[in-house]
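Reader: Please take one part of this model and look at it closely. I would like a single connected account, with cut-offs given for the terms used.

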Amino acid sequence: MKKGALADKIYEYGITPDNLDEAALNLKNPIDSSAQVLEEGKELYGRYCKSCHGEGGLGDGKVADQYKGVANLVAKAKVVSHGHIYHVITHGKGRMWPHGSQVNPDERWKIVHFVKSLANTPQ
């Protein structure tokens with residue numbers, strides 16, 4: 001096995017950056033949701049997402065004042081799949097830059113669980 005081959009399989013999921021529809025349909029969250037996973041996802045969200053998307057995911061973070069078009073994740077989480085969110089975190093979408101190099105796959109899936117939980121939070 002070539003050096004790095006295992007990491008390639010762990011970190012790449014074989015769906016190209018421009019194929020969000022395929023990711024949305026086929027990627028399944030391999031991490032079961034739990035109170036601990038949601039808490040870890042919330043902490044990671046605070047570190048990587050909150051400055052743009054805001055504390056509650058409404059697209060009202062401090063960066064959003066200057067960088068228009070930040071998605072309201074509460075609304076999005078109601079209509080998109082786990083795979084969609086994971087792919088967007090990994091590769092970016094629209095004005096959102098990719099975060100695949102900053103957030104490892106397990107962390108991304110935990111963030112996905114937290115973002116999906118925002119859809120169930122009263123606003």
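Author: The buried residues of helix α6 are G83, H84, I85, Y86, H87, V88, I89 and T90, where buried means under 20% relative accessible area, exposed over 50% and partly exposed in between (1.4 Å probe, protein chains only). Helices (H or I, at least four residues) and strands (E, at least two) are DSSP runs, numbered from the N terminus. The model is predicted, so local features need pLDDT of at least 70 and side-chain atom pairs count only at pLDDT 80 or more, while totals for chains, interfaces and linings use all residues. Residues are numbered from 1 along each chain as its sequence is written, and side-chain values use heavy atoms, with hydrogens and water left out.

Eight of the ten residues of α6 (residues 82-91) are buried, so this helix is largely enclosed by the rest of the structure. The cover over its buried residues includes α2 (20-26) and α7. Just after α6, G92 has a positive phi of about 80°.

Y86 has a relative accessible area of 3% and is therefore buried. W109, at 6%, is buried as well. A search of the whole structure finds two aromatic pairs; rings of Phe, Tyr and Trp (its six-membered ring) pair if their centres lie within 6.5 Å, and planes under 30 degrees apart count as stacked, over 60 as edge-to-face and the rest as tilted. One of the pairs is Y45 with F114, which is tilted, at 5.1 Å centre to centre and 55° between the planes. Y45 lies in helix α3 (residues 35-48) and F114 in helix α7, so the pair ties together parts that are 69 residues apart in sequence. Both Y45 and F114 are buried. The ring centres of Y86 and W109 are 4.0 Å apart and their planes are at 15°, so this pair is stacked. It links Y86 in α6 to W109 in α7, 23 residues apart.

I111 also belongs to α7 (residues 105-118). Its relative accessible area is 1%, so I111 is buried. The C-alpha atoms of I111 and Y86, 25 residues apart along the chain, are separated by 8.4 Å. Leaving aside residues up to four places away in sequence, I111 touches G41, L44, Y45, Y48, C49, I89 and V103, contact meaning heavy atoms within 4.5 Å. I89 is one of the buried residues of α6.

As for the setting, the protein has seven helices and zero strands. Of its 123 residues, 38% count as buried.
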